[in-house]
Amino acid sequence: PAMLVMGLTGTKLGCAEGGCGACTVMLSRYHPGTKQLHHAVNACLAPLCSLHMAAVTTVEGIGSVARKVHPIQERIAKCHGSQCGFCTPGMVMSMYALLRNNPTPKMADVEEAFQGNLCRCTGYRPILQGYKTFSADGECCGGKEKNGCCMKNGNEGLQSSEEITDATSLFNMEDFAPYDPTQEVIFPPELMDSCRSLCFHGERATWLQPTSLKEFLLLKWKHPEARVVVGNTEVGIEVKLKNMVHPLILAPAFIPELSAVTHSEDGVVFSAACTLSHVAAELRKAVRTLPPHQTEVFLAILEQLRWFAGLQIRNVAAVGGNIMTASPISDLNPVFMAAGCKLTLMDKGNGSREVQMDDSFFTGYRKTAVRPQEVLFSIHIPYSKKSQFVSAFKQSPRREDDISIVTTAMSVTFTPGTDVVEDLKLSYGGMAPITVLAKKTANKLLGRRWGEELLQEACSSLAEEMTLDPSAPGGMVTYRRTLTLSLFYKSVFHLFHLIQLFHLIPLFPLFHLIPLFPLFHLIPLSVDVSAAEGFPGVVSFLFADDVPGSNVTGMRQDETVFADGQVTCVGHIIGAVVADTQIHAQRAAKAVKIQYEELQPVITIQEAIAARSFYEPIRTIQNGDLEAGFKQAEHILEGRIHIGGQEHFYLETHVTLAVPREDDEMELFVSTQAPSDSQAFVAKALGVSANKVLIRVKRLGGGFGGKESRTIVLGAPWSGASPVFLDRFHSVLHVLLLQVGFLNSGKVVALDVSFYSNAGNSLDLSQAIMERALFHMENSYRVPNIRGQGFMCRTNLPTNTAFRGFGGPQGMMVAESWITDVAHSLGRSAEEVRRFNLYLEGESTPYNQILHGLTLDRCWDECLSRSGYEQRRAAAQLYNRQNRWTKRGLAVVPTKFGISFTVNFLNQAGALVHVYRDGSVLLNHGGTEMGQGLHTKMVQVASRVLGVPCSKIHISETSTNTVINTSPTAASVSSDLNGAAVQNACEILQKRLEPFKAQNPKGSWEDWVKAAYFDRVSLSANGFYRTPDLGYDFETNSGRLFHYYSYGVACSEVEIDCLTGAHKNLSTTIVMDVGRSLNPAIDIGQVEGGFMQGLGLFTLEELQYSPQGVLLTRGPGSYKIPAFGDIPTELSVSLLRDAPNDKAIFASKAVGEPPLFLAASIFYAIKDAISAAREESGLTGPFRLDSPASTERIRNACSDRFTKLVPEPQICSISVRVEIKLNYFIHFLCSLN
């Protein structure tokens, strides 16, 4: 809010919890010892009070298009590293802070700088590629190398086949302005004075900032209940997201003694306010200068800090805060306990005392042995001994910037010169309400020789000691217990490499082991706002009776603006608070008291099936003779697979600004993909005609389908001219039942599949999504006898909606599952069976559409060639023979995506083009810009048709008073539809200008325009386009459904850690048919961005709900999208050459949604690697792997001797993820000869 008041709108508010980096700014302070210091920080967690004597630099402060862009801004733009642009200011400022501290960073420094930044659009590669040009060890050649750009449209080191050397660079290094660090803004001299004690009073809290240790201890003595805050990374979350109030806050960050680092004879002492970045820097310095045997503990801490949150958090979070937070899943506390660190506590009355960080320090969940009036002064981290070896491991869903599932640290000390265990400390986080020591196991091993017998006993003992209740918070009970054994083994394995005592301790395989939530379905009885009425800033409260028009809304008119009579899901809006600020409105809303009568809910798909709770119609597509097909089949498989739903995670959430105008008019600035639908919803709610409502859309900070229909929840703009912000929504959920018949040759001859989707509490777009899933149920494979059925379940979850792909990826995912299992059951290569079943030119789909212009075979062959598939496969097989606990896998996956809205009337678009007297062109069309480059492509189309430079053409915005009755920007058809409409309008203008060109053939564009104007010729034209010859009928299974298809193939290689379930994406090669690309840089960006979203869908992102239907994974703290570190190490994207498409504008093809499914190649490469691991345990043939392929699922699927030590819990956990996500069931029964 403070920056908005100052007009600084560049810094974006994304997650508001320090997890996305969109709000990154640079904070600069002056320290007498180190002079000035620059840090990237999260503005959303930085209290205004903490900025005294600090210089804050926002993205506006380093450059702008109004004056001059900074080289950092220039390079991310020219390297195509910005799509929707919402995350870009944060990326820029992270890089800027790095360069201010280190003008010539290494590439590893660049990668570390972005650990706290997320992007949902680009796929990250162009950002890294652009900023690689600043690094000392990674400057890009700019396309000057013999074989094209060193990056090959991807990462360094990618080697394609020898004959394919046509990779080109997407930017020219010579176009970049040089970076001169001497020209940066100086630190303000007035901020170099020493700080003084401060006191700030707010509405609900007081902030005290002492500057001496004596003053701090006195304040804590007087106010033992006061919270101590340094980085605000914990308290900020409590206040913002948990509605907690801390009346008194003590901020001791400016006390010199609390930021000191002291080196002693037996270790290093860090004062409690030292930031984690400072701790890491000091420990790295110690590792470089001290003898290696003294730095074991330091290396273990550094390994944990390497993956601890993002750099923005580490720059402000204090080591003392990490300890005092007492999180049971702390990354550092297990190391501190295992290493025997000591803490110094101080208070005014009793002076200081020293306590050991052992099993008595943490006394309960989020509780310690520190007394209320005491403060943590310092932590002593000891040097390790010559015979001591320390290791630490963390397992989390995502490698970078993620909270732990289980952490462990082990410290082993041997009797000098022997292999006898003298001391052993083994600590775990994530296995109890506190960090725990495995004391029983450790005590059993003391005095024993380190060998196979000892380690077998240790694993058996750990399995007994590290138990969890089946209903333990966090769920994943079996996985977490297995991790205690796996991480112990990794510690042992790490120890062997560290101590090099192979002559004393034999390395052996461990093969001989035995191993108050809101309610969801209710009737509100009373709503009491009296407690909230007196809150500051509150203006009024609005409910269903206050809607001036109709309270009924929704795509199917089955929703309400405000709940009326019945609440059907958690989050169902009962009313609205009108207040002067967002914070005041949030506080008042939480104070409203509501009494309910609870009704019996339906939450899961299984419950919906049992209750027959379905929406109509139930769709069916059938082709061929199913009964005859199964009789022909020599084998039949049945089985099931669950596929999880996906959070859109656009960094800009839903937002609307409503401005009342005269005569009942309403002007709205909306973040929507569907302006005309928003116009209709608002008009109905207001009780006015559509011509009184104006919807304006400048740009969206990401959409991905979530802003297509769900803007209806903001359909109450009559509340006044105030902005409305809402959280994100989720993609549709599915379940599937399947039976597949096939021959010994691998040819699939019959398929019977039933889809079930969890539509939620309203139908929304679920019918169209289900239909597209059915249209893609065979993916790219010809199945002569096929039937698909689709059931949409009515449940008491918030309605699920569209996501990029719109059901297509889910249908195709199931096809890849059964074709993989067909191959496994036959003992054949999955790639061989896929290739054998691919569609051929002229064959027909299950909905009787003949395939013309098929390029699947070309994409397949080129992908295998470019990826070096045969060589990679051979290398992976060799690697797997040589490694027991890591395995590699490969997969080649095709996609065939139909292009058109499946609802026929939406296949239309309009455009309006104005040519002004000076020759400039204003272009309007019906599509919205959300990072996909639509506006850029439309300008290119107009430029090509009119024959004028792109610089003369401008698009201001999308609005309902320029182009009317627009279709949503969705279904990947926006370039096709709007491009053709723009072409039509421009051709009309060109025809009008032809006489003037003929009269003055040597004239300029401006000359012709002026001549036409003076001759009273209209220089404004409307364009229109409708896709021809479309019209499918479900009842007869006939008619042309899609205008054409986009094709692509991806080959991916992964490496899995069989002990933890973690995986690395080693390489991906994509060949995509986009016709004759309108803009290759944009199209490659769309392929990469879609691929990374699919990677999240299939390997990482997972929605978790409580049994009451409350979404538990909200925000980046608990819901993990892919980060920079998830990009395949080698990534190559190629656009298929010589494949013009005569069905779309300038022979191009759609590119928005089709690439997403290619990330399934990562999933099936993981499954291939798991197969190799299972073979080591004697397990062969088809097996079930649900999506996403999380660390938990990968580890459990590997099924080895360790997992046998941890049996499945007898009682289903009430806290684990309830399987209501895109829950596919595929029943695979094997009836093999």
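Is Phe 134 buried or exposed, and what is its relative accessible area? Phe 134 is buried, with a relative accessible area of 7%. Buried means under 20% relative accessible area, exposed over 50%, and partly exposed in between, using a 1.4 Å probe and protein chains only.

This is a predicted model, in which local features need pLDDT of at least 70, side-chain atom pairs count only at pLDDT 80 or more, and totals for chains, interfaces and linings use all residues. Residues are numbered from 1 along each chain as its sequence is written, and side-chain values use heavy atoms, leaving out hydrogens and water.

**Aromatic pairs**

- Rings of Phe, Tyr and Trp (its six-membered ring) pair if their centres lie within 6.5 Å; planes under 30 degrees apart count as stacked, over 60 as edge-to-face and the rest as tilted.
- The count by this rule is 31 aromatic pairs.
- Phe 134 and Tyr 179 are edge-to-face, because their ring centres are 5.9 Å apart and their planes stand at 90 degrees.
- Both residues lie in the loop between helix H5 (125-131) and strand S4 (198-201), so the pair ties together parts that are 45 residues apart in sequence.
- Helices (H or I, at least four residues) and strands (E, at least two) are DSSP runs, numbered from the N terminus.
- Tyr 179 is buried too, with a relative accessible area of 15%.
- Tyr 489 and Phe 1202 make a tilted pair, 5.7 Å centre to centre with 50 degrees between the planes. Tyr 489 and Phe 1202 are both buried.
- One aromatic cluster includes Phe 775, Tyr 847 and Tyr 1032.

**Charges over rings**

- A charge sits over a ring if NZ of Lys or CZ of Arg is within 6 Å of the ring centre and within 35 degrees of the ring normal.
- Arg 944 places its charged end over the ring of Phe 1146, 3.8 Å from the centre.
- Arg 834 lies over the face of Tyr 1164, at 5.6 Å from the ring centre.

**Helix packing**

- Helix H26 (residues 934-946) packs on helix H27 (residues 974-999) at about 30 degrees, with axes 9 Å apart. Axes are lines fitted to C-alpha atoms, for helices over the stretch in contact, and angles run from 0 to 180 degrees between N-to-C directions.
- H26 and H27 are therefore roughly parallel. Angles under 35 degrees count as roughly parallel, over 145 as roughly antiparallel, 65 to 115 as roughly perpendicular and the rest as oblique.

**Helix H31**

- In H31 (residues 1191-1198), 7 of the 8 residues are buried, so the helix is largely enclosed by the rest of the structure.
- Among the buried residues are Arg 1193, Ile 1194 and Cys 1198.
- Ser 1199 follows H31 and has a positive phi, near 50 degrees.
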